[in-house]
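Please keep the 3D view open as you read.

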Protein chains: 2
Amino acid sequence: MSVADEAEEQHPTLALDDTVHQRVRLGILTVAREAESVEFGFLKEQLGLTDGNLSRHLKVLEDAGLIAVNKGYAGRRPRTWVTLTPQGAQALDRELRALRELVRRLDAAGSGHPRT
Amino acid sequence: MSVADEAEEQHPTLALDDTVHQRVRLGILTVAREAESVEFGFLKEQLGLTDGNLSRHLKVLEDAGLIAVNKGYAGRRPRTWVTLTPQGAQALDRELRALRELVRRLDAAGSGHPRT
């Protein structure tokens with residue numbers, strides 16, 4: 001019954017946080033990280049999202065303290081800006097560490113499926 | 001309005017498939033890839049899941065054709081074996097390519113948050 005040695009090295013997916021890992025939110029966080037702040041319309045376009053879908057995921061990230069959302073104007077046009085918080089930057093770093101470890105593990109196990 | 005050059009290089013998260021990318025399922029697929037087939041109890045232990053949670057995610061992966069689930073016996077004890085299908089191995093490869101690209105892009109953008 002003992003698999004002590006195996007169990008001690010935790011599987012990398014256990015270090016992933018669903019709030020950050022979810023596909024759309026991972027996209028939002030990575031785009032936001034590449035600039036000081038990003039505009040709602042730019043995120044929508046880059047990630048191929050609808051207004052509703054983007055808004056819903058921004059809310060989850062904002063509630064988790066990972067992004068700050070600021071509303072303002074560009075001329076007369078209302079604009080929404082999204083900025084990664086320091087907590088968000090740390091959460092994304094943790095995600096990336098886990099993803100690197102996952103890729104490393106799979107590379108070590110061989111690149112092809114044993115049955116193919 | 002035009003961001004043609006930016007838009008042509010599709011964001012790597014658009015290449016992620018929710019069926020494969022979801023945290024628990026990504027764990028199941030990566031553990032399954034490391035062996036010819038893996039036993040239900042081993043998966044459960046490696047990924048820190050309950051029976052119900054693991055069963056639910058196995059069903060999603062089986063319905064998508066990414067794994068095969070076989071029931072048998074080890075002595076008198078019933079056992080469930082999980083095997084990656086060739087389609088599952090390909091789907092995991094696509095996921096890994098997208099994750100590598102995501103990591104590459106973030107590395108190119110600098111390792112720290114600009115505000116920290």
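**Where chain B meets chain A**

Six salt bridges are counted between chain B and chain A, a salt bridge being a side-chain nitrogen of Lys or Arg within 4 Å of a carboxyl oxygen of Asp or Glu. You can find one of them at Asp18(B) and Arg23(A), whose closest N and O atoms are 3.3 Å apart.

Before going further, a word on conventions. This is a predicted model, in which local features need pLDDT of at least 70 and side-chain atom pairs count only at pLDDT 80 or more, while totals for chains, interfaces and linings use all residues. Residues are numbered from 1 along each chain as its sequence is written, chains are lettered from A and ligands numbered from 1 in the order in which they are written, and side-chain values use heavy atoms, with hydrogens and water left out.

Back at the interface, 11 residue pairs across chain B and chain A are in polar contact, both residues being at pLDDT 80 or more. Here a polar contact is a pair of N or O atoms within 3.5 Å; within protein, one must be able to donate a hydrogen and the other to accept it, and residues adjacent in sequence count only if both atoms are side-chain atoms. On the side of chain B that touches chain A, the elements giving two or more residues are helices H2 (18–21), H3 (23–33), H4 (40–47) and H6 (86–108), together with strand S3 (77–84). Helices (H or I, at least four residues) and strands (E, at least two) are DSSP runs, numbered from the N terminus. H6(B) gives the largest share of that side, 10 residues.

**The sheet of chain B**

Now look inside chain B, where three strands form an open, antiparallel sheet in the order S1-S3-S2; two strands pair if DSSP finds at least two bridges between them. Its edge strands are S1 (38–39) and S2 (67–74) of chain B, each pairing on one side only. S2(B) and S3(B) run antiparallel over eight bridges, and Thr80(B) in S3(B) is the bridge partner of Lys71(B).

**A link within chain A**

Over all chains, the whole structure holds 14 salt bridges. Among them is the pair Asp93(A) and Arg33(A), with closest N and O atoms 2.6 Å apart. Asp93(A) lies in helix H6 (residues 86–108) of chain A and Arg33(A) in helix H3 (residues 23–33) of chain A, so this pair ties together parts 60 residues apart in sequence.
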